[in-house]
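Hi,

Here is the structure I said I would pass on. Have a look at it first, and then read my notes below.

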Amino acid sequence: MTERPTVGISSRKQPRQARSNELVQAILQAAVQVLAEEGAQRFTTARVAERAGVSIGSLYQYFPNKASILFRLQSDEWKETTDLLVRILDDRTQPPLQRLRDLVHAFIRSECEEATVRVALDDAAPLYRDAPEARAAKEAGDPIFERFLLEVLPSSSAAARQTAADLILTTMSTVGKEFSETPRNQAEIEAYADAMADMFCTYIGGMTDKGAS
């Protein structure tokens with residue numbers, strides 16, 4: 001059976017001058033607007049170029065196809081999530097379970113604030129999700145959470161910590177996405193994040209008791 005070729009999703013080149021960087025940022029901002037308004041199915045490079053006020057040739061200097069633009073938007077979102085993990089989970093001035101609560105609250109708020117674009121990016125995922133760049137970008141935050149769990153659960157096995165990491169991150173991502181697809185007010189967001197944080201803290205507490213015994 002013939003394998004489907006992997007579509008190139010990496011940017012053609014990185015902007016090195018202020019003017020080039022401004023051009024790329026204008027393209028990405030336009031892409032967010034087109035994605036939010038038109039959805040993944042009607043997302044095209046021509047619509048993005050028109051919205052950004054640049055020629056299609058200028059766009060193609062940096063992005064070879066629409067998949068590369070969508071992947072850049074998605075990878076930027078993944079990077080924001082990784083930065084969130086670092087900022088909150090590595091803050092040793094706070095107790096570990098408080099850090100976990102803060103992470104859940106920050107993540108759920110972020111999901112709700114950017115729900116429209118996130119849903120559209122999920123719809124567009126088949127264009128780039130199997131590319132090596134996508135897998136590497138998505139997994140960048142895993143070691144941070146694993147390091148946090150090693151701090152919290154030093155007596156647990158590596159396999160048990162890995163299971164905990166997978167369960168918490170997958171639940172947070174999947175349930176957070178579903179929750180954010182309906183418009184929510186601030187009180188609803190806080191109450192939902194509190195309930196999810198309670199669940200995770202209870203789960204971690206049970207693992208701590210097992211490790212101690």
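**What I found**

Of the 213 residues in the protein, 39% count as buried. Keep in mind that this is a predicted model.

On the overall make-up: the protein has 10 helices and zero strands, so in order from the N terminus the elements read α-α-α-α-α-α-α-α-α-α. Take the contacts between residues at least 6 apart in sequence, and 73% of them join residues at least 24 apart. The accessible surface is about 12,000 Å², with 51% of that belonging to carbon and sulfur atoms.

Now for the helix pairs. Two packed helices are described by the angle between their axes and the distance between the axes. I have two pairs for you.

**H4 and H5**

Helix H4 covers residues 66-89 and helix H5 covers residues 96-113; their axes come within 9 Å and cross at roughly 155 degrees. Angles over 145 degrees count as roughly antiparallel, and that is why H4 is described as roughly antiparallel to H5. The crossing in which H4 passes H5 is right-handed. On the H4 side the contact is made by Glu77, Thr81, Leu84, Leu85, Ile88 and Leu89, and on the H5 side by Arg99, Asp102, Leu103, Ala106, Phe107 and Glu111.

**H8 and H9**

How do the axes of H8 and H9 cross, and at what angle? Helix H8 (residues 142-152) and helix H9 (residues 158-180) have axes that come within 10 Å and cross at roughly 125 degrees, which makes H8 oblique to H9. H8 also passes H9 in a right-handed crossing. From H8, the residues involved are Asp142, Phe145, Glu146, Leu149 and Leu150, and they meet Arg161, Gln162, Ala164, Ala165, Ile168 and Leu169 in H9. The contact of H8 with H9 divides into seven nonpolar, one polar and three charged residues.

Start with Leu28, in helix H1 (residues 18-38). Buried or exposed, would you say, for Leu28? Its relative accessible area is 5%, and buried means under 20%, so Leu28 is buried. Setting aside neighbours within four places in sequence, Leu28 is in contact with Phe63, Arg72, Leu73 and Asp76. Val48 sits 20 residues from Leu28 along the chain, and their C-alpha atoms are separated by 8.3 Å.

Phe63, one of those contacts of Leu28, lies in the loop between helix H3 (56-62) and H4. Phe63 is buried too, with a relative accessible area of 1%. Between the C-alpha atoms of Phe63 and Thr45 there are 9.0 Å, with 18 residues separating the two along the chain.

Last, Asp83, which lies in helix H4. With 35% relative accessibility, Asp83 counts as partly exposed.

Let me know what you make of it.

Cheers

Definitions and conventions:
Residues numbered from 1 in each chain as written. Predicted model: local features only at pLDDT ≥ 70, side-chain atom pairs only at ≥ 80, totals over all residues. Heavy atoms only, no water. Helix = DSSP H or I, 4+ residues; strand = E, 2+ residues; numbered from the N terminus. Buried < 20%, exposed > 50% of the residue type's maximum accessible area, 1.4 Å probe, protein only. Contact = heavy atoms within 4.5 Å. Areas by Shrake-Rupley, 256 points an atom, 1.4 Å probe, with all protein chains shown as cover. Axes fitted to C-alpha atoms, helices over the stretch in contact; angles between N-to-C directions. Parallel < 35°, antiparallel > 145°, perpendicular 65-115°, else oblique. Left-handed = near helix turned anticlockwise from the far one by under 90°. Nonpolar A, V, L, I, M, F, W, Y, C, P; charged D, E, K, R; others polar.
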